[in-house]
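Here is a protein model to explore piece by piece. Keep the picture handy and try to find each part as we get to it.

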Amino acid sequence: MSGMRSTVNRVLLALAGLLLIAVGGGVLAVGLGVSLPSWWPWDGKNDVLLSADDRGRWRDEGWWWPTVIAVLAVLVVLALWWLLAQLRRGRLSDVLVDSGDGEGAQVRGKALEGVLADEAGEVDGVARAQAALTGRRTAPQARIRLLMEPHAAPEQALNAVADGALAHARDSAGLDELPAEVRLRAVKHRAERVA
């Protein structure tokens, strides 16, 4: 969700910025006396945004008010969706663990992420590991990033993380499944000289 959220934010900010620059630049140009194309709505320093004729032009049409209300409703829904997306956390603060006695226990998300990262970092060929939990409290998902050493075998490291760190986290939290996305990246290193 984080990637989609940042993409939507960038697109919305870019569109709003372009619109504001275009309208503000046009109004500034008219105020400075620059002539603009005939379709530009303002043509003088004392001009208003909507004249009395423009404000009353569509009122008597049957489609006008339903269209205005529908457009405004869509804008309000999109604005609320965007606001809720900003407030939603990308990472889990805690994971609900079934303790087996009908009660539940909570494990801090950062603690489980730390254990996942530490155990994944101990795999042969892994220089550094990072873990993040997303999803719901009862159905978490793991995102793990592994920084691989030059000598590492990616398939072996991936299997070791799946059979080790992910399996231990799933079993200790009492989860039926723990879906994971593992991303591998190689350590940047200098080329070795052959003598």
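Leaving aside its neighbours within four places in sequence, which residues is Leu116 in contact with? They are Ala131, Leu133, Ala142, Ile144, Ala165, Leu166 and Ala169, where contact means heavy atoms within 4.5 Å.

## Before we dig in

This is a predicted model, so local features need pLDDT of at least 70 and side-chain atom pairs count only at pLDDT 80 or more, while totals for chains, interfaces and linings use all residues. Residues are numbered from 1 along each chain as its sequence is written, and side-chain values use heavy atoms, with hydrogens and water left out.

## The nonpolar core

Leu116 also turns up in the largest nonpolar core, which has 25 residues. A nonpolar core here is a set of buried Ala, Val, Leu, Ile, Met, Phe, Trp, Tyr and Cys residues joined through side-chain atoms within 4.5 Å. Buried means under 20% relative accessible area, exposed means over 50%, and partly exposed is in between (1.4 Å probe, protein chains only). The members that touch the most others are Leu116, Val126, Leu133, Ile144, Leu146, Val161 and Leu166. At least two core residues come from each of strand 1 (94-98), helix 4 (109-121), strand 3 (126-135), strand 4 (140-148) and helix 5 (154-172). Helix 5 gives the most, with five residues. Helices (H or I, at least four residues) and strands (E, at least two) are DSSP runs, numbered from the N terminus.

Now look at Glu113, which sits in helix 4. Glu113 counts as buried because its relative accessible area is 5%. Not counting residues up to four places away in sequence, Glu113 touches Arg91, Ala131, Ala132 and Leu133.

Strand 1 and strand 2 run antiparallel and are joined by five bridges; two strands pair if DSSP finds at least two bridges between them.

Why does strand 2 (residues 104-108) lie largely in the open? Of its five residues, the number buried is zero. Over in strand 1 you'll find Asp94, which counts as buried because its relative accessibility is 15%. Not counting residues up to four places away in sequence, Asp94 touches Gln106, Val107, Arg108, Gly109 and Arg137.

Leu12, Val74, Val76, Leu78, Leu80, Trp81, Trp82, Leu83, Leu84 and Leu87 make a nonpolar surface patch of about 980 Å². Patches are made of residues with over 30% relative accessible area and no salt bridge: like charges are joined within 9 Å, nonpolar side chains (Val, Leu, Ile, Met, Phe, Trp, Tyr) within 5 Å. Helix 3 (residues 64-87) gives the most to the patch, with nine residues. Leu87 belongs to helix 3 and is exposed, at a relative accessible area of 62%.

## Two salt bridges

How many salt bridges does a search of the whole structure find? It finds two, a salt bridge being a side-chain nitrogen of Lys or Arg within 4 Å of a carboxyl oxygen of Asp or Glu. Asp171 pairs with Arg170, with the closest N and O atoms 3.8 Å apart. Asp171 is exposed at 52% relative accessible area, whereas Arg170 is partly exposed at 27%. In the other salt bridge, Arg183 and Glu181 have their closest N and O atoms 2.6 Å apart.

Key: Areas by Shrake-Rupley, 256 points an atom, 1.4 Å probe, with all protein chains shown as cover.
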